[in-house]
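This briefing goes through a protein structure topic by topic. Please keep the sequence and the 3D view open while reading.

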Amino acid sequence: RSERRLTGIAVALATATVGACQFNEEKALSLPDDSGREIPFVTPVVETNPVQSADDAADDSVILVQGGDAWIAGSDKQYGLRIYNLAGEELLSLPAGRLNNVDAVRSGPGSFLIAASNRTTITIDLFIAKIDEGAIEVALASRVPLELDDPYGLCMAQIGDGLHVFVGDKSGKVQGFRISTGLEGSLASE
């Protein structure tokens, strides 16, 4: 039950994290869904410090939950990857280039694989996050080359035969990769 509560807190925090977005009270109203019922709007309660990069530089966070702890990994679009605790304090910053979207999957007990689309190197950057006794360490582990002019959106999922990462560009082209246990990527159609 406490992990479910922590996840709910992390979701509320993620709505305001990484980008240190301005809170707009007008949007903090209940919004009707298709059935006409009211659905609640999640109101942020904590905010990270703004990143040093220019406008719209931070985005696309993912929450890593391990036991009773949680961290937020997000992109600084002009710098790399940043890791925050639930108080909004930056714990780690990893220079990696112009990262855009970030996603993560649990890769084992106390570890996560974080993927990010990198517009500097035109790659999928794969980071390993290791968690031990409430502390987190993150390191760049691999880069998978892309055949996109400007990688943008990214998502990751465990599908049938293994781990897959999908990356799209602004023109709508999408590439899908199977990621091996050695963190190498092969086109999903191969």
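The model described here is predicted.

- Strand 7 gives the most to the lining of the second largest pocket, namely three residues.
- By type, six residues of the lining are nonpolar, five are polar and one is charged.

**The nonpolar cores**

- In soluble globular proteins, nonpolar side chains tend to be buried together.
- The largest nonpolar core here has 19 residues, and Leu81, Ile114, Phe127, Ile136 and Val138 have the most contacts inside it.
- Strand 3 (58-66), strand 4 (69-76), strand 5, strand 7, strand 8, strand 9 and strand 10 are the elements that give two or more residues to this core.
- Leaving aside residues up to four places away in sequence, Leu81 touches Ala73, Gly74, Leu92, Ser93, Leu94, Leu99, Val102, Ile114, Phe127 and Val138.
- Another core lies apart from the largest one; it has 15 residues, including Ile124, Leu126, Val167 and Phe177.

**The salt bridges**

- How many salt bridges does the structure hold? There are four salt bridges.
- Arg82 pairs with Asp76 in one of them, and the closest N and O atoms are 2.9 Å apart.
- Are Arg82 and Asp76 buried or exposed? Arg82 has a relative accessible area of 9%, so Arg82 is buried. Asp76 is buried too, because its relative accessibility is 0%, and buried means under 20%.
- Arg82 also forms a salt bridge with Glu90, with 3.2 Å between the closest N and O atoms. Glu90 counts as partly exposed because its relative accessibility is 40%.
- Arg119 and Asp150 form a salt bridge through their side chains, at 2.7 Å from N to O. This pair links distant parts of the chain, 31 residues apart: Arg119 is in the loop between strand 8 (111-118) and strand 9 (123-132), and Asp150 is in the loop between strand 10 (135-145) and strand 11 (151-159).
- Arg119 counts as buried because its relative accessibility is 17%, whereas Asp150, at 25%, counts as partly exposed.

**A loop residue**

- Where does Leu86 lie? Leu86 is in the loop between strand 5 (80-85) and strand 6 (90-95).
- Leu86 has a relative accessibility of 21%, so Leu86 counts as partly exposed.
- Leu86 and Ala70 are 16 residues apart in sequence, and their C-alpha atoms are 6.6 Å apart in space.

Key
Residues are numbered from 1 along each chain as its sequence is written. This is a predicted model: local features need pLDDT of at least 70, side-chain atom pairs count only at pLDDT 80 or more; totals for chains, interfaces and linings use all residues. Side-chain values use heavy atoms; hydrogens and water are left out. Buried means under 20% relative accessible area, exposed over 50%, partly exposed in between (1.4 Å probe, protein chains only). Helices (H or I, at least four residues) and strands (E, at least two) are DSSP runs, numbered from the N terminus. Ala, Val, Leu, Ile, Met, Phe, Trp, Tyr, Cys and Pro count as nonpolar, Asp, Glu, Lys and Arg as charged, and the others, Gly among them, as polar. A nonpolar core is a set of buried Ala, Val, Leu, Ile, Met, Phe, Trp, Tyr and Cys residues joined through side-chain atoms within 4.5 Å. Contact means heavy atoms within 4.5 Å.
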